Amino acid sequence: MTATVDVEGLKARMTAFIQKLQDDICGALEQLDGQGRFREDAWTRPGGGGGRSRVLEEGAVLEKAGVNTSIVHGELEEAFAKKLQGEGRTFWAGGLSLVLHPKSPHVPTVHANYRFIQQGGRAWFGGGADLTPYYLHDEDAAHFHRVHKAACDAHDPTYYPRFKAACDHYFHLRHRGEARGVGGLFFENMGGDLEREFAFVQACGNSFIPAYLPIAQKHKDTPVTEEQRFWQEVRRGRYVEFNLVYDRGTIFGLETQGRTESILMSLPPRVRWRYDHHPEPGTPEARLVEVLRNPREWA
């Protein structure tokens with residue numbers, strides 16, 4: 001970070017951006033759902049800062065959806081501070097995080113996060129978005145990736161291949177030998193000009209609605225069987241495993257004493273673990289698992 005960078009100004013602009021993005025995404029999701037409405041909880045963090053959590057439950061399309069913003073600051077525990085990329089214990093972190101768990105197994109779960117962090121004399125952006133289907137439609141995965149690739153290409157043609165590969169690497173359940181989903185983008189501390197990176201983060205955030213909503217709209221009314229619902233709940237178990245074992249955002253939120261209910265809103269409402277369950281060969285369920293064990297290029 002150079003001395004000429006207006007980090008305080010970036011904090012203010014990032015705060016305004018994520019709060020408007022939260023409004024835009026919640027409005028679009030309520031329109032998609034047609035029935036559910038977001039409940040908002042404003043909260044404060046004892047050590048400094050706070051946020052606003054918005055959760056929609058038991059909608060017509062969305063079984064559970066969380067779209068949260070937080071602006072927190074203060075001092076980190078010394079042991080945790082050493083695990084981050086910055087310097088010292090003082091920090092500021094502002095970001096938006098969302099997880100959508102649709103009711104239908106034909107509509108994918110989706111996650112996105114956009115953040116700006118300062119620790120001591122260093123500051124950096126991070127974020128991304130990834131898609132987790134239960135029944136794989138290749139054209140949906142391709143659409144999700146193409147929209148995000150276009151956002152990347154408008155800023156730097158090297159971004160998409162780098163951040164797609166980083167996403168495949170990060171959202172991987174090592175103990176299962178499979179990806180959480182079909183990926184998307186994941187980036188952290190790109191190491192360049194912070195103004196350019198802020199413009200890129202805005203482009204990514206504004207890509208979420210066109211990347212995801214057409215997929216949800218297309219499949220939300222597809223008939224569902226009990227067997228398909230069972231499979232959805234089994235696969236949701238993998239989602240829980242990742243978020244509780246590996247997810248850095250979950251760990252960061254808990255370590256910085258954020259609001260627990262907001263941090264764990266990412267967990268699905270209904271889930272199951274069936275002992276040693278394997279789908280029948282040749283089924284759509286088996287095909288999904290095969291693709292998750294062998295990540296592919298989509299865009």
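**Figure 1. Surroundings of arginine 236 in the predicted model.** Because its relative accessibility is 0%, arginine 236 counts as buried in this predicted model. This arginine belongs to helix α6, which comprises residues 226-245. Its side chain reaches the backbone oxygen of arginine 270 at a distance of 2.9 Å. Leaving aside residues up to four places away in sequence, arginine 236 touches Glu63, His101, Pro102, Tyr134, Arg229, Pro268, Pro269, Arg270 and Val271.

Figure 2. Arginine 115 lies in strand β5. Is this arginine 115 buried or exposed? Its relative accessibility is 16%, and it therefore counts as buried, since the cut-off for a buried residue is under 20%. The side chain of arginine 115 makes a polar contact of 2.4 Å with the side chain of glutamate 188. Among the residues that arginine 115 touches, not counting those up to four places away in sequence, are Met14, Gly94, Gly95, Trp124, Phe186 and Phe187. The C-alpha atom of arginine 115 is separated by 26 Å from that of proline 295, which is 180 residues away along the chain.

**Figure 3. Strand β5 and its two covered faces.** In a regular strand the side chains alternate between the two faces of the sheet. On one side of β5, Thr109, His111, Asn113, Arg115, Ile117 and Gln119 are buried.

Figure 4. Strand β4 (residues 90-102) runs antiparallel to β5, and 10 bridges join the two. A hairpin through 6 residues connects β4 to β5, and glycine 94 stands opposite phenylalanine 116. β5 also pairs with β6 in the antiparallel sense, over 11 bridges. Here tyrosine 114 stands opposite glycine 127. The hairpin of β5 and β6 has 2 residues between the strands, and glycine 120 takes a positive phi near 60° in this hairpin.

**Figure 5. Helix α3 and the elements that cover it.** How many residues does helix α3 have, and what span should they give? The 16 residues of α3 (residues 138-153) should span 22 Å at 1.5 Å a residue, and the end C-alpha atoms are 22 Å apart, so the two values agree. The buried residues of α3 are Asp140, Ala141, Ala142, Phe144, His145, Val147, His148, Ala151 and Cys152. An α-helix has 3.6 residues a turn, so residues three or four places apart point the same way. The cover over the buried residues of α3 includes β5, β6, α4 (159-170), β9 (183-188) and α5 (194-219).

**Figure 6. Helix α9 and its buried residues.** Helix α9 comprises residues 284-293, and Glu285, Ala286, Leu288, Val289, Val291 and Leu292 are buried in it. Among the elements that cover these buried residues are β8 (178-179) and α6.

**Figure 7. Two loop residues with positive phi.** Most residues other than glycine have a negative phi, and most peptide bonds are trans. Glutamate 58 is not a glycine, yet its phi is positive, at about 55°. This glutamate 58 is placed in the loop between β2 (49-57) and β3 (62-75). Aspartate 276, also a residue other than glycine, has a positive phi near 50°. The loop that holds aspartate 276 lies between α8 (260-263) and α9. Because its relative accessibility is 56%, aspartate 276 counts as exposed.

Technical notes:
Residues are numbered from 1 along each chain as its sequence is written. This is a predicted model: local features need pLDDT of at least 70, side-chain atom pairs count only at pLDDT 80 or more; totals for chains, interfaces and linings use all residues. Side-chain values use heavy atoms; hydrogens and water are left out. Helices (H or I, at least four residues) and strands (E, at least two) are DSSP runs, numbered from the N terminus. Buried means under 20% relative accessible area, exposed over 50%, partly exposed in between (1.4 Å probe, protein chains only). A polar contact is a pair of N or O atoms within 3.5 Å; within protein, one must be able to donate a hydrogen and the other to accept it, and residues adjacent in sequence count only if both atoms are side-chain atoms. Contact means heavy atoms within 4.5 Å. The expected span of a helix is 1.5 Å times one less than its number of residues. Two strands pair if DSSP finds at least two bridges between them.
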